Amino acid sequence: MAKKQSNSLEDLGSMVFSTGNSGFQGFDEEDEIEEIQAGDQLLEVHLEKKGRGGKTAVIIKGFEGSDEALKDLAKAVKGHCATGGSVKDGEIIIQGDMRPKILEYLQKQGYKTKRVGG
């Protein structure tokens with residue numbers, strides 16, 4: 001006789017499985033990661049020319065926060081500068097030498113900024 005296959009968690013009923021880890025603690029809403037405020041962050045704005053096929057790019061380094069917050073900031077900066085860019089390895093890469101616009105925008109958002117290089 002063939003066994004009936006379970007297709008969902010509801011089919012398991014009220015069974016509880018354990019991995020034997022007695023030190024497990026659940027996640028509380030109080031444990032949520034707190035975002036660092038803009039005024040408490042120092043963002044370095046670098047100009048980079050090497051390794052980009054002769055094209056210039058601005059790299060924003062030093063952001064502390066979630067990946068989602070980093071992507072949101074990158075999207076806002078790209079929109080303000082009306083240019084392309086990406087997020088890679090915790091850094092925002094903006095196409096072209098847009099440092100004056102980027103510095104102005106970040107300062108208006110409350111970030112402390114530092115212009116680095118060229």
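The following is a dialogue about a predicted model and the terms applied to it.

Student: What makes Phe63 and Tyr111 an aromatic pair, and why is the pair called tilted?

Tutor: The ring centres of Phe63 and Tyr111 are 6.5 Å apart, and rings pair if their centres lie within 6.5 Å. The angle between the planes is 55°. Stacked requires under 30 degrees and edge-to-face over 60, so the rest count as tilted. The count by this rule is 1 aromatic pair.

Student: Which parts of the chain does the pair link?

Tutor: Phe63 sits in the loop between strand E2 (57-61) and helix H1 (67-81). Tyr111 sits in the loop between helix H2 (99-108) and strand E5 (112-116). The two residues are 48 residues apart, and the pair links distant parts of the chain. Both Phe63 and Tyr111 are buried.

Student: What does the side chain of Gln41 have to do with the backbone of Glu64?

Tutor: A polar atom of the Gln41 side chain lies 2.8 Å from the backbone nitrogen of Glu64. The distance limit for a polar contact is 3.5 Å.

Student: How do you know that E1 and E2 pair?

Tutor: Strands E1 (residues 42-48) and E2 are joined by 5 bridges, and at least two are needed for two strands to pair. E1 and E2 run antiparallel. One of the bridges has Glu48 with Ala57 as its partner in E2.

Student: Why are E3 and E5 said to stand at the edges?

Tutor: The open sheet has 5 strands in the order E3-E4-E2-E1-E5, with mixed pairing. Strand E3 (85-88) and E5 each have a single partner strand, so one side of each is left without a neighbour in the sheet. From one strand to the next the twist averages 20°.

Student: Which strands do the helices lie across?

Tutor: H1 lies across E1, E2, E3 and E4, at about 20° to E4. H2 lies across E1, E2, E4 and E5, at about 170° to E1.

Student: What makes E2 mostly covered?

Tutor: Of the 5 residues of E2, 4 are buried. Val58 is found in E2, and its relative accessibility is 0%. The limit for buried is under 20%, so Val58 counts as buried.

Student: What does Val58 touch?

Tutor: The contacts of Val58 include Val45, Leu47, Ile93, Met98, Arg99 and Ile102. The C-alpha atoms of Val58 and Met98 are separated by 6.9 Å, although the two residues are 40 residues apart along the chain.

Student: Why is the contact between Arg99 and Asp97 called a salt bridge?

Tutor: The closest N and O atoms of Arg99 and Asp97 are 3.1 Å apart, and the limit is 4 Å. The pair therefore counts as a salt bridge.

Student: What makes Glu104 and Lys108 a salt bridge?

Tutor: Their N to O distance is 3.3 Å, against a limit of 4 Å. Both residues lie in helix H2, 4 residues apart, about one turn of the helix. By this rule the count comes to 2 salt bridges.

Student: How are Glu104 and Lys108 classed by accessibility?

Tutor: Glu104 is at 38% relative accessibility and counts as partly exposed. Lys108 has a relative accessible area of 63%, so Lys108 is exposed, the cut-off being over 50%.

Notes. Residues numbered from 1 in each chain as written. Predicted model: local features only at pLDDT ≥ 70, side-chain atom pairs only at ≥ 80, totals over all residues. Heavy atoms only, no water. Phe/Tyr/Trp six-rings, centres within 6.5 Å; stacked < 30°, edge-to-face > 60°. Buried < 20%, exposed > 50% of the residue type's maximum accessible area, 1.4 Å probe, protein only. Axes fitted to C-alpha atoms, helices over the stretch in contact; angles between N-to-C directions. Contact = heavy atoms within 4.5 Å. Salt bridge = Lys/Arg side-chain N within 4 Å of Asp/Glu carboxyl O. Polar contact = N/O pair within 3.5 Å; in protein donor to acceptor, adjacent residues only side chain to side chain. Lists of a residue's contacts leave out its neighbours within four places in sequence.
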